[in-house]
Amino acid sequence: MGPPTLDKIRALQRNPRNIRNLCILAHVDHGKTTLADCLVATNGIISSRLAGKLRYLDSREDEQSRGITMKSSAISLHYSNGDQEYLLNLIDSPGHVDFSSEVSTAVRLCDGAVVIVDAVEGVCPQTQVVLRQAWLENIRPVLVINKIDRLIVELKLTSQEAYTHLQKILEQVNAVTGTLFTSKVLEEQAEREEEEELGGDQARDWSSRPEEADDSLLYFSPDQGNVVFASAIDGWGFSIQQFAHIYNQRMGIKAEVLLRTLWGDFYLDAKAKKIMKGAQAKGKKPLFVQLVLDNIWSLYDAVVTRRDKEKVEKVVTSLGIKVLARDLRHSDPKVLLSAVCSQWLPVSQAVLLMVCEKLPSPLDMAAERVEKLMSVGARRFDSLPEHTQELKRAFLRCSSRENEPLIIFVSKMFAVDAAALPQNRQRPLSQEEMAHRRELARQRHADRMAAGYSAAENTFVAFARVYSGVAKKGQRVFVLGPKYDPGQGLSTLPEGVSASDCVSAVPHLSCCSMERLYLLMGRELEELEEVPAGNVLGIGGLEDSVLKSATLSTSPACPPFTALNFEATPIVRVAIEPKHPSEMPKLVRGMRLLNQADPCAEVLIQETGEHVLVTAGEVHLQRCLDDLRDRFAKIEFSASKPIIPFRETVVRPPKVDMVNEDLGKQQKVARWSDTLNVDSSGLVTLTTPNRLATVSVRASPLPPEVTGLLERSTELIRTLEQINMSLREGRSLDISPRTLEAIAGFKVQLESLLQGRKWRDVVEHVWAFGPRRYGPNILLNRVAGYQRPSLWQCLGGGVQAGEAAATRDLDNSIVSGFQLATLSGPMCEEPLMGVCFSVEKWDIQSSVPPQHQEEASTSRGTPADCKGTGSGATRPEATEHGPIPAGLRPEAAADCYGPVSGQLIAAMKEACRHAFQAQPQRLMAAMYTCEIMTTADVLGRVYGVLGKREGRVLHEEMKEGTDMFIIKAVLPVAESFGFADEFRKRTSGLASPQLVFSHWEVISSDPYWVPTTEEEYLHFGEKADSANQSLKYMNAVRRRKGLYVEEKIVEHAEKQRTLGKNK
Amino acid sequence: MSIFTPTNQIRLTNVAVVRMKKGGKRFEIACYKNKVVNWRAGAEKDLDEVLQTQSVFVNVSKGQVAKKEDLTKSFGTDDLTEICKQILAKGELQVSDKERHSQLETMFRDIATIVAEKCVNPETKRPYTVSLIEGAMKEIHYSVKANKSTKQQALEVIRQLKESMGIQRAHMRLRLVLPAKEAKRLKEKLKPLLQVVESEDFDEQLEMVRGNNIKIRTFIFCPFGFATLRFCIFSPCLLFSRHPQVCLVDPGCFREIDELIRSETRGRGSLEVVSLKDVEEGEEKF
């Protein structure tokens, strides 16, 4: 049979009753693509000889070379069973855990799934995942147990052993389904109980209590007809029905009886010619072994093991099939085997038959599934607007009539080389055309040489399915974003609006037109004019309006479909940068395309300017990088570990040393130098180089709750800062009462958190926040007698203070110095966090050196000390602020150390840094929270990996109804590189972590610690070179930034290479 | 005359000599290579790891040991360890290969860090990463000079990089207040120095709304909105006489602008830094 013509497929598309949308799901390497090959071969698209070797649907080069599928791809097949003709929209999906997002996109578009299980390996982690996914999407699965040939050839099992083995596998699969079922029932029950507690007298539906709930239809069982035994590589496969049919004819046993008894504990009593129960108890061969497996075993024995030519011929004739002489003579027995088998029990026949009989057509979509698709988030279906609820009927009708609303779901966008599109494909050309083309090509070549790079473009095709109505080429539709609310849309849009009059008023709603429609045929695309409901299709021309997935509809009442549920969230982060910096724009463009083409990859630019690519795993990362290099960006780039941010902070002085000995009264050494003075309590006094100004600063740690509060309210602090700035300028502002309330609330919170003797009245004295004026550090005004306008003056408290409160000159320099100091700390130039600097003294000497005394004009009039603040309010310039008010006092600025304000900034910055260093310093690391779902048997290894990477387990609990554990842990971001990969390797893929940034945490070890006491020397040795986590981090950052790192260039002087001659 | 036989001869290999002249005499000590700089920086604390032998020489390569009386005369002590420490601290030294290498490498990193801190990508207004700058520096074959400060060299690097890639110093945001009379004239002079003028207010407009508080308020709010407000705030005394404008400048021009305004307006105009670095903040998702 040749490939079906386009017209035929078009005709078939119109009959949704005979359409089957199915996907093939399995663990990696269980033979999905091979099976797909066999099915494709029935349509004559590829030769049946090559089926299983070609892997037709693996169209990417790296898919072929690695031998794993990396993307889901669809193909439409034609199958006729008797008088019924079917259209199968088959989607092949990847099995590797990194690409489980592709599985999600495939499952969404299908009504049924073929789940494949390897007969040797049994149920693997991904098998569980795909079964769960199929379950969550409410699609019906059928089972194919594949690679039965391996039981014969590799494991050398007898047919009896194989039978028990197969039984076990079936039990495993059913166990997984059973778990899913019970956990769902339990969940529903819990929900119902909750509801009952809340509502009390709601309608009760007891139909699905666990003991009563009917789950018999869920399970796979050969006698139900939803299991096929196959060996896709050898091209054979069968279901019980086929053998029942055969033996019905041959032995005259009723087909129905055979169907019931062929799988199970039955045996054939030869004397009585009866089928009896209890084969195992009586030590008899079960019917399945006797009638089915033994035949296959003997065939393998004849063809592969013993290579008995005569016997083969006998078998061939008895089966009534013809084998080519060429195949008979072939030296490789596999060729002969597949020649025989593919005629005797063609796998495609068995699978297709099962698919057509057991999987639902688009018309039989469950109402439950529709409701689930249409109710976004936690919204209940009943709460959707009426128009929307009406659409449910359209879904269920799945009709292609003209007046039906069009509903399409786009599950992913994939990039196609523009040359592969049907409109650009080569046609046979006439002579003139060829001449014309040649001319054009020459032109193009010249252009390309001039432009310097090839202009091959990628176009995006949407992978989608029509749920209702007919999609027409060029039709305009609404694009519904995930947050679109049909209720809101309906109320704002006029009645009967169509997508052709473009509306932009409704949020998350836009319009676009479907430029082209394609039939997906694996690596080929065929252009179509229209696609009726129930079909999978490709849509061109959506790249500008759809990013990754979307819902398209002609009716604004349509709700956006629930988001795809991804089993793997992207967690592997790498920083990408071009080899040649001038190629940056190309890289950015390429990354944008990659982001659109991959459902799971994320791309972001960080504040440091890094371009970060986040992928689901290492294999996925490799694919993304290949795509970026060869397809989207076409440049050389490097991928590296991303920069890890840290924070610096101080802590309270410790009470005990590293070996838990009491430190007692610590003697701190006071330091003196020319301009710097650090006293034993940590108060730092610094004088500017021209000896005019002195500041005294003390640093202390803020309570962690305060730091948290400051971090949460950055936006508010920023607004506060703006208000204060304009208030300082003397203008009053209209501040909305909401903002004022928020600020007041913030202040109250701050006051309640800053309790105790040490923090008395602190909130009133807050001078500024930093860095960048809104960070989590506080500058306090503890200068005796200096009453600057309060930070909270917008709240009204500052108004009464009136005259007394005025800003001193150079007030801003102190703030600027503080900002600079908090922006980069002394440990490794990272921002500070949770530090409070209090300025305790600030003196400015009568500014000018003696020789310029006569110039000390009144206009400058800087108060000699802090008492003279009152004069500030009377002078117009007093409110003038700025780090360099140079224009106002040019002569003061002209001293050899630069302007006074600048010196003060520097002095303040240095003072802050020294004050910081006078306290015990600590590094703060960014932490991820890590949620891990794992089975009980790898729990130990999960703990192992976490422990190795400095992780800390917060809690673990068992999920009800399953044997899964949920572990919650925290892990430093710095340790997360390669974490996911190690995790999967160590747990054989049974546990998958999800990482989310949560908070900053102080690393308890002191980076500057050296042993001092006798006990510490004893415990840690003289060098104390056991791992100091924070020292490791600090040195890594310092080395990266080119700062001085205290470490020896060579460790042992004597061990250097001797350069002298041998003397 | 001493007899040189292999038994009583101590041969030193891998010597790094540290010399010092004191009291008209030259003293040398024999140290291990790649250790002296570490000792000076305080990273190496074991003297035996630095010194090959604790004797002080007049000439290390000839093996001539300094005389005791010379040592006491010059150093005031005959404690060899003490003298060695003095020489180590103050003498002139040979910088060994690895020491030089690590110094240059550190400087290279430092320069790249400074460049990355000071510059942005003009298209996105986001900083470049340090490693990218390092790559670019290698590409233009920039060689680090050990005797020039890293800051100076960073400025040089920025100039050179401008030719090969899109890079620009992050702009400073300044607020200038100019007296109305000289504003026009000064503006002409400032024009080449200013990159972008974000907002400008003329006193003529302000004259019109003088004395009417409410109108001033509307005037401030309407044309700029709240977002730009923080860059164009003026005190009431300035409202009627001056000419404030907010602009972005290249930090290299700062001194020049400062000079110009100070000299031309004779103290009546003013210059104020609104922000040192004008860059995009926060993460951006594609």
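Which residue stands opposite Ala575(A) in β23(A)? It is Ser640(A). The model that shows this pair is predicted.

Five strands make an open sheet, ordered β23(A)-β20(A)-β22(A)-β21(A)-β12(B), and the pairing is antiparallel. The edges are β23 (637-640) of chain A and β12 (284-285) of chain B, each of which pairs on one side only. Strand β20 (residues 572-578) of chain A is joined to β23(A) by 4 bridges, and the two run antiparallel.

Further along, strand β21 (residues 602-605) of chain A pairs with β22(A) over 4 bridges, again in the antiparallel sense. Here Val603(A) stands opposite Leu613(A). On to chain B: β21(A) and β12(B) pair antiparallel over 2 bridges. Ile605(A) faces Glu284(B) across that pairing, standing opposite this residue in β12(B). Strands of a sheet pair through backbone hydrogen bonds, either parallel or antiparallel.

## Leu613(A) and the cores

Helix α21 (residues 618-632) of chain A lies across β20, β22 (611-615) and β23 of chain A. The helix runs at about 130° to β22(A). Leu613(A) touches residues that include Val572(A), Val574(A) and Ile576(A). Its contacts also include Met591(A), Leu594(A), Leu621(A), Cys624(A) and Leu625(A). Residues up to four places away in sequence are not counted.

Leu613(A) is among the residues with the most contacts inside the largest nonpolar core, alongside Ile539(A), Leu552(A), Phe837(A) and Trp842(A). That core has 150 residues. Helix α29 (residues 900-917) of chain A gives the most to it, with 8 residues. Apart from it lies another core, of 61 residues, among them Phe181(A), Leu299(A), Val315(A) and Cys341(A). In soluble globular proteins, nonpolar side chains tend to be buried together.

## A chain B helix under cover

Helix α5 (residues 130-139) of chain B has these buried residues: Val130(B), Leu132(B), Ile133(B), Glu134(B), Ala136(B) and Met137(B). Elements of both chains cover them. From chain A the cover includes β20, α20 (584-597) and α33 (1029-1041). From chain B it includes α4 (97-118) and α6 (150-164). His141(B) follows α5(B), with a positive phi near 55°.

## The sheet of chain B

A UniProt annotation from an unreviewed entry, "domain: Ribosome maturation protein SDO1/SBDS N-terminal", covers residues 14-100 of chain B. This span is 33% helix and 33% strand, and its end C-alpha atoms lie 16 Å apart.

Chain B also has an open sheet of 5 strands, in the order β4-β3-β2-β1-β5, with antiparallel pairing. Its edge strands are β4 (64-65) and β5 (92-93). Strand β1 (residues 15-22) pairs with strand β2 (residues 25-32) over 8 bridges in the antiparallel sense. Val15(B) stands opposite Tyr32(B) in β2(B). Helix α2 (residues 68-75) of chain B packs on the sheet and touches β1, β2 and β3 (51-59). Its direction makes about 100° with that of β2(B). Helix α3 (residues 80-90) of chain B lies across β1, β2, β3 and β5, at about 80° to β3(B).

Is Thr987(A) buried or exposed? Thr987(A) is buried, because its relative accessible area is 0%, and the cut-off for buried is under 20%. The residue is found in the loop between α31 (979-986) and β35 (992-1002) of chain A. Beyond its neighbours within four places in sequence, Thr987(A) is in contact with Val938(A), Arg941(A) and Val942(A).

Arg941(A) lies in helix α30 (residues 939-948) of chain A. At 40% relative accessibility, Arg941(A) counts as partly exposed. Its contacts, neighbours within four places aside, are Arg986(A), Thr987(A) and Ser988(A). A polar atom of the Arg941(A) side chain lies 2.8 Å from the backbone oxygen of Arg986(A). The C-alpha atoms of Arg941(A) and Phe983(A) are separated by 8.5 Å, with the two residues 42 apart along the chain.

## A hairpin in chain A

Strand β8 (residues 266-269) and strand β9 (residues 274-277) of chain A pair in the antiparallel sense over 4 bridges. Phe266(A) has Lys277(A) as its bridge partner in β9(A). The hairpin has 4 residues between the strands, and Lys273(A) takes a positive phi near 50°.

Conventions
Residues numbered from 1 in each chain as written. Chains lettered and ligands numbered in written order. Predicted model: local features only at pLDDT ≥ 70, side-chain atom pairs only at ≥ 80, totals over all residues. Heavy atoms only, no water. Pairing = 2+ DSSP bridges. Contact = heavy atoms within 4.5 Å. Axes fitted to C-alpha atoms, helices over the stretch in contact; angles between N-to-C directions. Core = buried A, V, L, I, M, F, W, Y, C linked by side-chain atoms within 4.5 Å. Buried < 20%, exposed > 50% of the residue type's maximum accessible area, 1.4 Å probe, protein only. UniProt positions renumbered as here; feature names shortened; annotations may be inferred. Polar contact = N/O pair within 3.5 Å; in protein donor to acceptor, adjacent residues only side chain to side chain.
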